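This report describes one protein chain for a reader who is new to structural analysis. Please keep the sequence and the structure in view while reading.

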Amino acid sequence: MRQVKTLGLLGTGVIGAGWAARALHFGINVVAADTNPGMQEWLSGAVANAHGALARLTLAPLPPPGRLSFTTDLDAMARQADFIQENIPEQLALKQRVLAGVSRVAPADVVIASSTSGLMPTDLQRDMQAPERFLVAHPFNPVYLLPLVELVGGRQSSAEALAAASEFFTAIGMHPLQVRKEVPGHLTDRLQEALWREILHMVNDGTATTGELDDSIVYGPGLRWAAMGTNLIYHLAGGETGMRHMLRQFGPALKWPWTRLEAPELTEQLIDRMVEGTQAQAAGRSIRELERLRDDCLVGIQQVLRQYDIGAGSTLRKLEQRLYAQHAARVGTAAAGAAGRAADGATGGVRFECDVRPEWVDYNGHMSDSRYLQVFGDATDALLRAAGVDDAYRSGGHALYTVETHVTHQAEARVLEPLEVRTRVLGVDDKRVHLFHTLQRRLEGVLVATGEQIYLHVDTAAGRAAPMPAGLRAALEQQCAAQAREPLPPQAGRRVALPGA
Ligand SMILES: NC(=O)c1ccc[n+]([C@@H]2O[C@H](COP(=O)([O-])OP(=O)(O)OC[C@H]3O[C@@H](n4cnc5c(N)ncnc54)[C@H](O)[C@@H]3O)[C@@H](O)[C@H]2O)c1
């Protein structure tokens, strides 16, 4: 199977656009195909709308974004794509016909996946050419923020295609959940539908409104589900003997049962109650407005879960580790280039790039003070990673701690402005590194700030300074030597004082 550089999309509605936004953000080119030419404009709008929340998801350095193109010619898409994701309406015959057509154009080593919410992969792959490369990859709305993707193979699907899909989805920050056997609705939609059926019954018989039923989840189970899901949470609810006690206590209720399996008749009255109820909950807010609120909450929740390395937070943490490693590889190349340029007398140093994110600016519209430290910290991380200080190094019990910082501000950094930091090693000894950062506007080359820092090499278990290993010191000394002939920046070594004081 191929390395995925270009994702082909079939259908660019809600789900297709979500895939596009996620893939582009993580550096994958997207060729989007939809039979309705009007979807081109809609797609660009949806991708732009997703960007705000996606940009806040992680501060880890991202690869350059992918390029988006649109076509109404499905075959043209199929000729260019390394991986195809189908997102057309949920109709078996339509999907079978379109998948079969595309499979006759896409080379056999291109994986083809369907976003279907509940159709079976064996049925979908029936008429395809090279059906072994097909699987269901069921995502969740908004695809650009929720990491879950259910992977389901059909009778003809190969283990190789499932593994390749899993690798690709992981690379774009997702959590692939391998479903053991194909069943209608896969795993999650069966659970969601059970809950929804009961909601419809309770609204229908006047037990509760849509808002009250949503409150019953939002203030309670919804909060704990994000961390642990139903089963582990029930294990905790059973006290010391856990799930066994829980089943003894509440098991009999399952037989009564409290809930109903058959959905109620969707009468006009029930539809009206559902619509009026949710409109009252929306309280005049538009879908776009509510989407932004939902997305902000989803970003915040994942960032909290990351601190505890649990659920979707664990996926985010692993994604960040990969992004930092990839960045270090890119910076390594840039550093080698910079050392070459330094030898020619040009300004060198290890380069770190970022853009001023909207939440970084203060009431003046300029980047807040604390963000300068963050950007310099990220630049230091990039330099140290290139010298070998990575997660494995830190788990081995050593790290570098900041002991002194001096920032000078030369010009403002405005929202969304592309910035670049060049970091130079001014000195290294047994336990200390002396760094100098030059922060400038990437496009105009205007100096924005400088940062000068001393870092101390520490034995983290003992909690005290410790000598650096020879390899790390040599790597830092090499960086230092590469620019030793360049003049010292005028801000280097300056003390903070009023003139003449
Ligand atoms: N909406 C959700 O929450 C959700 C979640 C997960 C999975 N899904 C699944 O994703 C798929 C798409 O759902 P959606 O909500 O994005 O639908 P949608 O109606 O928003 O989008 C479907 C798109 O497919 C296009 N289309 C129709 N026929 C086509 C054809 N022959 N070739 C190319 N494009 C064609 C339409 O023009 C439209 O833009 C469905 O299978 C659905 O079950 C939906």
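The model is predicted. Its largest nonpolar core holds 47 residues, and among these Phe 83 and Phe 169 touch the most other members. Helix 2 gives the largest share of this core, eight residues. A second, separate core has 22 residues, including Ala 78, Ile 88, Met 128 and Val 152. In soluble globular proteins, nonpolar side chains tend to be buried together.

Which residues does Phe 169 contact, apart from its neighbours within four places in sequence? They are Trp 19, Phe 83, Gln 85, Ala 137, Val 149, Leu 151, Met 174 and Pro 176.

## Aromatic pairs

Five aromatic pairs are counted in the model. In one of them, the ring centres of Phe 83 and Phe 169 are 5.5 Å apart and the ring planes stand at 75°; the pair is therefore edge-to-face, because an angle over 60 degrees is assigned to that class. Phe 83 belongs to strand 4 (residues 83-86) and Phe 169 to helix 6 (residues 159-171), so this pair ties together parts that are 86 residues apart in sequence. Both residues are buried: the relative accessible area is 1% for Phe 83 and 0% for Phe 169.

Phe 169 also pairs with Phe 168: their ring centres are 5.5 Å apart, and their planes are at 45°, so this pair is tilted. Phe 168 counts as buried, because its relative accessibility is 5% and the limit for this class is under 20%. Ring pairs link Trp 19, Phe 83, Phe 168 and Phe 169 into a cluster.

## The chain as a whole

The chain contains 16 helices and 14 strands. Its C-alpha trace spans about 85 × 55 × 45 Å along the principal axes. Of the 501 residues in the chain, 44% are buried. Among contacts with a separation of 6 or more, 71% are between residues 24 or more positions apart.

## A pocket and a cavity

Rolling a probe the size of a water molecule over the atoms shows where empty space is left. The second largest pocket has a volume of about 890 Å³. It is lined by 32 residues, of which Leu 62, Pro 63, Pro 64, Pro 65 and Asp 355 are the closest to its centre. Two or more lining residues come from each of helix 1 (14-25), helix 2 (39-57), helix 13 (311-343), strand 9 (350-355) and helix 14 (369-386). By type, the lining of this pocket consists of 21 nonpolar, four polar and seven charged residues.

How many cavities of 30 Å³ or more does a search of the whole structure find? The search finds one. The largest cavity holds about 40 Å³ of space. Its lining is formed by Arg 22, Leu 57, Leu 145, Pro 147, Gly 173, Gln 302, Ala 312, Thr 315, Leu 316 and Leu 319. Six of these lining residues are nonpolar, three are polar and one is charged. Helix 13 provides the largest share of the lining, four residues.

## The loop between strands 6 and 7

Tyr 144 is placed in the loop between strand 6 (134-138) and strand 7 (148-152). Is Tyr 144 buried or exposed? Tyr 144 is buried, with a relative accessible area of 9%. Leaving out residues up to four places away in sequence, Tyr 144 touches Gly 18, Ala 21, Arg 22, Ala 50, Leu 54, Arg 294 and Asp 295. Between Tyr 144 and Gln 192, which are 48 residues apart in sequence, the C-alpha to C-alpha distance is 20 Å.

Pro 142 is also placed in the loop between strand 6 and strand 7. The peptide bond that joins Asn 141 to Pro 142 is cis, with omega near -5°.

## Further backbone features

Most residues other than glycine have a negative phi, and most peptide bonds are trans. Another cis peptide bond runs from Trp 256 to Pro 257, with omega near -25°. Pro 257 is found in the loop between helix 10 (242-255) and helix 11 (268-282).

His 186 is not a glycine, yet has a positive phi of about 50°. This residue lies in the loop between strand 8 (175-178) and helix 7 (188-204), and His 186 is buried at a relative accessible area of 1%. Asp 309, likewise not a glycine, has a positive phi of about 50°. Asp 309 lies in the loop between helix 12 (287-307) and helix 13, and counts as partly exposed at 40% relative accessibility.

Notes
Residues numbered from 1 in each chain as written. Predicted model: local features only at pLDDT ≥ 70, side-chain atom pairs only at ≥ 80, totals over all residues. Heavy atoms only, no water. 1 Å grid on protein atoms, 1.4 Å probe; cavity = no way out; pocket = protein on both sides within 12 Å on 5 of 7 lines; lining within 4 Å. Points joined across faces, edges and corners; volume = space filled by probe spheres on them. Nonpolar A, V, L, I, M, F, W, Y, C, P; charged D, E, K, R; others polar. Phe/Tyr/Trp six-rings, centres within 6.5 Å; stacked < 30°, edge-to-face > 60°. Buried < 20%, exposed > 50% of the residue type's maximum accessible area, 1.4 Å probe, protein only. Core = buried A, V, L, I, M, F, W, Y, C linked by side-chain atoms within 4.5 Å. Contact = heavy atoms within 4.5 Å.
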